[in-house]
Amino acid sequence: MWNDTEMEQQTWAGAVRSLWHTAARHKFASGLIAACVAASLVAIALVASGSGGPAADPAAPAFSLPVLGASGQKVSLGDYAGRPLIVNFFASWCEPCQKETPLLATFYRTEHGKVAIVGLDENDVLGSAMSFTHKEGVSYPVGFDPGVIAASAYGVAGLPQTFFLDAKHHIVDRVFGAVTQADINRGIALATGATGASAS
């Protein structure tokens with residue numbers, strides 16, 4: 001027969017052993033569940049990306065819009081077939097647009113031979129759009145899109161946004177917010193296939 005102290009030690013030892021085995025079983029089960037979840041996420045990511053390789057650059061949606069301030073004229077993506085292109089979505093009422101437009105206008109005047117630019121004025125009033133582009137010295141073509149048709153096609157929910165298209169009109173870079181000179185340099189390098197493009 002065991003005395004009370006031996007019984008108490010036996011009970012505690014058994015309880016500790018039982019607790020240890022239960023914890024080990026749960027740790028194994030938790031680990032197994034975590035491994036299954038991780039494997040599922042990897043499988044989903046591979047399926048979503050197709051073959052698991054890098055995704056191809058998406059084709060730019062076509063657009064054809066009235067040219068701002070030029071009655072009867074249109075500007076379209078097809079006008080620039082075989083040429084790299086910068087497509088800038090903006091509006092006169094957009095504060096970041098007011099900061100980036102002078103940069104784009106200056107770039108176009110000095111270096112537009114490298115890549116063409118088309119501005120797409122979205123959700124704007126004709127008079128305000130014309131006044132703004134004139135004041136900022138915009139000399140590149142601007143499509144007037146008060147119904148945000150082109151913006152919707154490109155998935156533009158906020159302004160400004162700028163897309164850099166290669167000569168086949170695949171989107172090779174996209175900038176959310178006001179572009180900087182570094183953004184322009186990087187986008188042009190990607191659009192023209194220039195080597196040594198540095199990300200900024």
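Let's start with Glu136, which is buried at a relative accessible area of 17% (buried means under 20%, exposed over 50% and partly exposed in between, with a 1.4 Å probe and protein chains only). Keep in mind that this is a predicted model, where local features need pLDDT of at least 70, side-chain atom pairs count only at pLDDT 80 or more, and totals for chains, interfaces and linings use all residues. Residues are numbered from 1 along each chain as its sequence is written, and side-chain values use heavy atoms, with hydrogens and water left out.

Glu136 has a charged partner: it forms a salt bridge with Lys135, with the closest N and O atoms 3.3 Å apart. Here a salt bridge is a side-chain nitrogen of Lys or Arg within 4 Å of a carboxyl oxygen of Asp or Glu, and that rule gives a count of three.

Now hop over to Arg186. Its side chain meets that of Asp173 in a salt bridge at 3.0 Å, N to O. Asp173 sits in strand S7 (residues 171-176) and Arg186 in helix H5 (residues 181-192), so this pair ties together parts that are 13 residues apart in sequence. (Helices, H or I with at least four residues, and strands, E with at least two, are DSSP runs numbered from the N terminus.) Arg186 also bridges to Asp183, at 3.5 Å from N to O. Together, Asp173, Asp183 and Arg186 are linked in a network of salt bridges. As for accessibility, Asp173 counts as buried at 13%, Arg186 at 14% and Asp183 at 12%.

On to the rings. The structure holds six aromatic pairs, where rings of Phe, Tyr and Trp (its six-membered ring) pair if their centres lie within 6.5 Å; planes under 30 degrees apart are stacked, over 60 edge-to-face and the rest tilted. Take Phe63 and Tyr154: their centres are 6.4 Å apart and their planes at 55°, so the pair is tilted. Phe63 lies in the loop between helix H1 (4-48) and strand S1 (64-66), while Tyr154 is in helix H4 (residues 149-154), so the pair ties together parts that are 91 residues apart in sequence. Phe63 is buried at 7% relative accessibility, and Tyr154 is buried at 6%.

Tyr154 also pairs with Phe163, this time edge-to-face, at 5.0 Å centre to centre and 70° between the planes. Phe163 is buried too, like Tyr154. Zooming out, ring pairs link Phe63, Phe89, Tyr154 and Phe163 into a cluster.
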